Amino acid sequence: MNRKINILVVEDDKNICSYITTILSANNYHVTTALTGKEALSLAASLCPDVILLDLGLPDIDGCEVLSQLRVWSHIPVIVVSARILESDKVNALDLGADDYITKPFSNAELLARIRTSLRHSRGNSQNKIYKALDLEIDFEKRNITLEGKQIHLTQVEYQLLSLLAEHSGCVLTYRSIMNTLWGPYIDNNNQILRVNMANIRRKIEKNPAQPQYVFTEVGVGYRMRDNEYETIPESLCQIPKQFNVHDITRKGDNEL
Ligand code: CA
């Protein structure tokens with residue numbers, strides 16, 4: 001039998017911590033908890049968990065500092081779970097090396113989906129040769145894109161941008177990380193070139209570019225592409241304990257704001 005996937009939950013609010021633990025345990029994950037940043041760093045080193053859920057407002061070291069220290073030696077996927085809702089906080093955490101970011105309150109399904117996405121990417125399953133969602137299909141080997149079976153023609157840059165997002169489908173990529181990948185670190189901070197290319201892509205693949213189905217904008221942060229259906233575990237396989245719902249987690253009492 002396969003070993004259970006280990007998740008380190010770093011959260012100083014005991015109610016939220018036990019809530020997340022219950023959700024994860026019900027879905028067959030093995031959970032270890034840390035209430036402080038120091039504890040988190042020490043457990044990350046000793047346990048080498050498969051995924052870390054990291055709160056930012058911790059009593060000793062700020063979660064961003066925990067993330068920076070962790071990234072010196074580790075590529076363990078980190079999903080920030082925070083009440084900080086400012087775009088700058090999200091961008092900062094993602095640019096420091098977080099794999100994803102969830103704001104409280106969050107839905108159980110969303111949390112579980114983000115964990116699955118992070119695990120998939122860390123295991124290299126994203127090396128899939130095909131991306132497929134709804135009517136859109138990208139064959140990375142043939143560099144071929146079809147929408148409802150009809151070929152879509154993209155420029156070189158548009159293709160690079162769309163395939164980068166598709167390879168990280170389900171994850172948010174910050175504007176800066178996309179700019180760095182496509183144009184190198186010396187491109188200026190102006191996102192205009194990115195917006196223009198995205199507008200062109202959306203005109204070609206979205207039925208209604210104002211309400212995209214494939215590439216979503218995380219305002220002020222970056223873009224997230226719809227999950228690859230070839231890789232996605234059906235939602236029906238997720239176990240969500242009946243006694244919980246999204247309203248159990250509120251920002252009330254959280255010390256982060
Ligand atoms: Ca906290």
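Colleague: Which residues have the most contacts inside the largest nonpolar core?

Modeller: The model is predicted, and in it the residues with the most contacts inside that core are Ile138, Leu162, Leu165, Ile178 and Met225. The core has 28 residues. Strands 6 (130–133), 7 (136–139), 8 (144–147) and 12 (222–225), together with helices 6 (156–167), 7 (175–183) and 8 (192–205), each supply at least two of its residues. The most comes from helix 6, which gives six residues.

Colleague: What does Ile138 touch, leaving aside residues up to four places away in sequence?

Modeller: Ile138 touches Lys129, Ile130, Tyr131, Asn144, Ile145, Tyr159, Leu162, Ala166 and Met225. There is also a second, separate core of 25 residues, which includes Leu8, Leu56, Leu67 and Ala93.

Colleague: How many of the residues of strand 4 are buried?

Modeller: Five of the five residues in strand 4 (residues 78–82) are buried, and the strand is thus described as mostly covered.

Colleague: Which strands pair with strand 4, and is the pairing parallel or antiparallel?

Modeller: Strand 3 (residues 51–54) runs parallel to strand 4 and is joined to it by three bridges. Within this pairing, Ile52 stands opposite Val78. Strand 5 (residues 100–103) also pairs with strand 4 in the parallel sense, over four bridges. Here Ile102 of strand 5 is the bridge partner of Val81.

Colleague: Through which helix does the chain cross from strand 4 to strand 5, and what is the handedness of the crossover?

Modeller: The chain passes through helix 4 (residues 87–95), and this β-α-β crossover is right-handed. A right-handed β-α-β unit is also made by strand 3, helix 3 (residues 63–73) and strand 4.

Colleague: How many aromatic pairs are there, and why is the pair of Tyr19 and Phe106 classed as it is?

Modeller: The count comes to two aromatic pairs. For classification, planes under 30 degrees apart count as stacked, those over 60 as edge-to-face, and the rest as tilted. The rings of Tyr19 and Phe106 have planes at 55° and centres 6.4 Å apart, so this pair is tilted. Tyr19 belongs to helix 1 (residues 14–26) and Phe106 to the loop between strand 5 and helix 5 (108–122), so the pair ties together parts 87 residues apart in sequence. Tyr19 counts as buried at 3% relative accessibility, and Phe106 counts as buried at 1%.

Colleague: Why is the pair of Tyr175 and Tyr223 described as edge-to-face?

Modeller: Their planes stand at 85°, with ring centres 5.3 Å apart, so the pair is edge-to-face. Tyr175 lies in helix 7 and Tyr223 in strand 12, and the pair links these distant parts of the chain, 48 residues apart. Both Tyr175 and Tyr223 are buried.

How values were computed:
Residues numbered from 1 in each chain as written. Predicted model: local features only at pLDDT ≥ 70, side-chain atom pairs only at ≥ 80, totals over all residues. Heavy atoms only, no water. Core = buried A, V, L, I, M, F, W, Y, C linked by side-chain atoms within 4.5 Å. Buried < 20%, exposed > 50% of the residue type's maximum accessible area, 1.4 Å probe, protein only. Contact = heavy atoms within 4.5 Å. Pairing = 2+ DSSP bridges. Right-handed = clockwise from strand over helix to strand, strands pointing away. Phe/Tyr/Trp six-rings, centres within 6.5 Å; stacked < 30°, edge-to-face > 60°.
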